[in-house]
Amino acid sequence: MSNKNMDLGMFIDKLVSEKREFEGLEPGVITQIKTDLLSRVESRINAVIINNMPEDQMDAFFEVSEKGTDEEVQAFCSSNIPDLTELIASELIVFKQTYLG
């Protein structure tokens, strides 16, 4: 598991622990909820990346996404999207607020 996925996994664990409605659910149900949430968070992050990637870098981005390592994709995104870390953090905050209601 990459560092990005571990960080997102910790984010999801914290979200689930803060959602009182999940107290007492079976571990298998909690695992499925976490898997679903991780997929949703990754989709939101991917949308942030695509929406902020310069148009002239889109072809190169898709090529790196298909053929590169996670580290290469992350480096490409960081070098082409100003304030990427802040954009992702902002999206995670919005996701958390929406999810916890």
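1. Buried here means under 20% relative accessible area. By that cut-off, 29% of the 101 residues of the protein chain count as buried. The model is predicted, and the points below should be read with that in mind.

2. Along the sequence the pattern reads α-α-α-α-α. Taken along the principal axes, the C-alpha atoms fill a box of roughly 50 × 25 × 15 Å. Contacts across the sequence are well represented. Among those with a separation of 6 or more, 62% join residues 24 or more positions apart.

3. Next, the nonpolar core. The largest one has 24 residues. Val-41, Ile-49, Met-53 and Cys-77 have the most contacts inside it. Helix 1 (3-18), helix 2, helix 3 (58-67), helix 4 and helix 5 each supply at least two residues of this core. Helix 2 gives the most, with 6 residues. As background, nonpolar side chains tend to be buried together in soluble globular proteins.

4. Val-41 deserves a look of its own. Leaving aside residues up to four places away in sequence, Val-41 touches Leu-8, Phe-11, Ile-12, Leu-92 and Phe-95.

5. How do helix 2 and helix 5 pack, and at what angle? Helix 2 (residues 27-52) and helix 5 (residues 84-100) meet at about 140°, with their axes 10 Å apart. The two helices are therefore oblique to each other; the roughly antiparallel class needs an angle over 145 degrees. Their crossing is right-handed. From helix 2, the contact uses Ile-33, Leu-37, Arg-40, Val-41, Arg-44, Ile-45, Val-48, Ile-49 and Asn-52. From helix 5, it uses Leu-84, Leu-87, Ile-88, Glu-91, Leu-92, Val-94, Phe-95 and Tyr-99. By class, this contact has 13 nonpolar, 1 polar and 3 charged residues.

6. Is Asn-80 buried or exposed? Asn-80 lies in helix 4. Its relative accessibility is 17%, so Asn-80 counts as buried. Not counting residues up to four places away in sequence, Asn-80 touches Met-53, Pro-54 and Gln-57. Met-53 is also one of the residues with the most contacts inside the largest nonpolar core.

7. Phi of Asp-83 is near 60°, a positive value in a residue other than glycine. With 53% relative accessibility, Asp-83 counts as exposed, because the cut-off for exposed is over 50%.

Methods. Residues numbered from 1 in each chain as written. Predicted model: local features only at pLDDT ≥ 70, side-chain atom pairs only at ≥ 80, totals over all residues. Heavy atoms only, no water. Axes fitted to C-alpha atoms, helices over the stretch in contact; angles between N-to-C directions. Helix = DSSP H or I, 4+ residues; strand = E, 2+ residues; numbered from the N terminus. Parallel < 35°, antiparallel > 145°, perpendicular 65-115°, else oblique. Left-handed = near helix turned anticlockwise from the far one by under 90°. Contact = heavy atoms within 4.5 Å. Nonpolar A, V, L, I, M, F, W, Y, C, P; charged D, E, K, R; others polar. Buried < 20%, exposed > 50% of the residue type's maximum accessible area, 1.4 Å probe, protein only. Core = buried A, V, L, I, M, F, W, Y, C linked by side-chain atoms within 4.5 Å.
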